[in-house]
Amino acid sequence: SLDSYIASNRARAERAYQNAASALNVNPDYVSNQKNQKPKNYVDDTGVALGAYPIGDGLVQRVSWNDSTDTWEDLGSPLTTKSHIDNRVAHINAAEYIADTNTGGEAIQAAIDNLPSRGGRVIVPQVGPDDGIVNQNGNLEDGVWAVNSTITTSGKSSVWIEGETPGFRAQGNGGAKLIANSNINNMITFTSGSLDGIKYLYFDGGDAGSSTLAQYCVNFGNGNSVNGFQMHSCIVTGAATANIKIDCTQNVWINNSWIELSPNATGGIECNLDRDLWISSCLFNRNGNADINIKTPLSRLYVNSTRFRGSNNSINCADNLINASVIGCVSDEPDNSFLNVESGSTVENSKFDNIQILGQSVTSHIVNNLGSIVDTSFNETRANNLTGSNYVNVVNDTTNTTRVTIDGLGYNGSNNPSSSGDWNNNGREGVKILWDNSG
């Protein structure tokens, strides 16, 4: 039963603690397992009159029995255990290593290297040690953390790297800013998984006009069969190939972050993930070919309350996408479409609800399907000022049991959607459209 399982685990833990206490030359019969609670009263002729009890943070206090007062009295200073040492080094400030390294990036790496193997937190202060570093706009910045070689968490698990204070550095305060200062593939790679993550940091891919440029700012997984990465309240900008590369097995969460300004990139996020990508309350802005570029088959994409702006496509499927749920998003001026499905790719068993596309006479389509869309719904999609057809090749083909429903609002030029234009004669099932011929 569950009770017996818990009791068995508790008994094993107590035995382990008593064995450890025996090494401190105390009587294991007089070892308390409760924090700040001294052992039971000593009984004469039951062995050495020395005991111990935990006082927290991996510290143990030895006690000696006083026959005259019939009480335990503390004996000497608390003893340090391995647990105490691990707890101390599991929270490190990168500033402690500035004096021993050449750049801010090296100081962050040194802090990671000094974490225990089980991981911990590295705190990065807002003001870094490096001055005169060229950012993506070609301007010099002082007080940043220059990254000349890839920062890696190799050999550690559950590593969090956090800016010391909340907020975006772009606003003059808040999180620390890391700038690529050499031609490197990744600014930082997370290789172990186990819920590693970053928070309150600004990653700048470096000077786009020179060789000091990162191909990727953040790499989750680096091709390893690992899972469990998180990014909260970060800015990631200016990388050459993609701002973020997701290259692992499953479970990546990205929220409250800006991923932007990589106009020549293949994507804001280059996704090589097997399954389960969550994106919430983010801003994507001008990320080249696509804000989210799905490069390998992905099962379960969840996107909500997110704004896409100015990339060629908001979501591009270069491979299959299954079980996607995209809800409550706005897409401003994508050059091609909100959803682009490349030839040979499939979108299946998915839904796109409450999507608003602000075409501004720049955007061509809501959906551009060059592959296959199967068992997928588009509900309450709104679009204005498109330059092309609303839904390209989104049809109901009864020969292969494709079922696509569309419930949307859009402009169809001067064409009545019941008799002409892209809406006409495509065999859609359950189409409900509000037609406005004014745009």
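View A. The elements covering the buried residues of helix α3 include strands β5 (91–93), β6, β9 (145–147), β10, β11 and β12 (176–180). Helices (H or I, at least four residues) and strands (E, at least two) are DSSP runs, numbered from the N terminus. This is a predicted model, in which local features need pLDDT of at least 70 and side-chain atom pairs count only at pLDDT 80 or more, while totals for chains, interfaces and linings use all residues. Residues are numbered from 1 along each chain as its sequence is written, and side-chain values use heavy atoms, with hydrogens and water left out. Eight of the 10 residues of α3 are buried, so the helix is largely enclosed by the rest of the structure. Buried means under 20% relative accessible area, exposed over 50%, and partly exposed in between (1.4 Å probe, protein chains only). The buried residues of α3 are Gly-104, Gly-105, Ala-107, Ile-108, Gln-109, Ala-110, Ala-111 and Ile-112.

**View B. The largest nonpolar core.** This core holds 76 residues. A nonpolar core is a set of buried Ala, Val, Leu, Ile, Met, Phe, Trp, Tyr and Cys residues joined through side-chain atoms within 4.5 Å. Ile-161, Ile-198, Phe-203, Phe-220, Ile-244 and Ile-246 have the most contacts inside the core. Helix α3 (residues 104–113) gives the most to it, with five residues. Another core, of six residues, lies apart from this one; among its members are Tyr-30, Tyr-53, Trp-65 and Trp-72. In soluble globular proteins, nonpolar side chains tend to be buried together.

**View C. The surroundings of Ile-198.** Residues up to four places away in sequence are not counted here. Ile-198 touches Trp-160, Ile-161, Phe-190, Phe-203, Val-218 and Phe-220, among others. Gln-230, Met-231, His-232 and Cys-234 are also among the residues that Ile-198 touches. Contact means heavy atoms within 4.5 Å.

**View D. Strand β11, enclosed on both faces.** Five of the five residues of β11 (residues 159–163) are buried, so the strand is largely enclosed by the rest of the structure. Val-159, Ile-161 and Gly-163 are buried on one side. Trp-160 and Glu-162 are buried on the other. Strand β6 (residues 120–124) pairs with β11 in the parallel sense, over five bridges. Two strands pair if DSSP finds at least two bridges between them. Val-122 has Ile-161 of β11 as its bridge partner. Strand β14 (residues 196–199) runs parallel to β11 and is joined to it by three bridges. Here Glu-162 stands opposite Lys-199 of β14.

**View E. An open sheet of 10 strands.** The pairing is parallel, and the order is β10-β13-β16-β19-β22-β25-β28-β30-β32-β34. At the edges are β10 (151–152) and β34 (391–392), each of which pairs on one side only. Two bridges link β34 to β32 (residues 365–369) in the parallel sense. Val-367 stands opposite Tyr-391 in β34. Strands of a sheet pair through backbone hydrogen bonds, either parallel or antiparallel.

**View F. Asn-251 and Asp-276 in contact.** Asn-251 is found in strand β20 (residues 250–255). With 16% relative accessibility, Asn-251 counts as buried. Neighbours within four places in sequence aside, Asn-251 is in contact with Asn-227, Gly-228, Phe-229, Leu-273, Arg-275, Asp-276 and Trp-278. Asp-276 belongs to strand β23. Asp-276 is buried as well, with a relative accessible area of 6%. Its phi is near 70°, a positive value in a residue other than glycine.

View G. Cys-282 sits in the loop between β23 (275–280) and β24 (283–285). Asn-256 sits in the loop between β20 and β21 (258–260). Cys-282 is buried, at 5% relative accessible area, while Asn-256 is partly exposed, at 39%. Asn-256 is not a glycine, yet its phi is positive, at about 50°. Leaving aside neighbours within four places in sequence, Cys-282 is in contact with Ile-254, Asn-255, Asn-256, Ser-257, Ser-305, Thr-306 and Arg-307.

**View H. The protein chain as a whole.** The chain has three helices and 36 strands. Of its 439 residues, 51% are buried. Among contacts with a separation of 6 or more, 65% join residues 24 or more positions apart.
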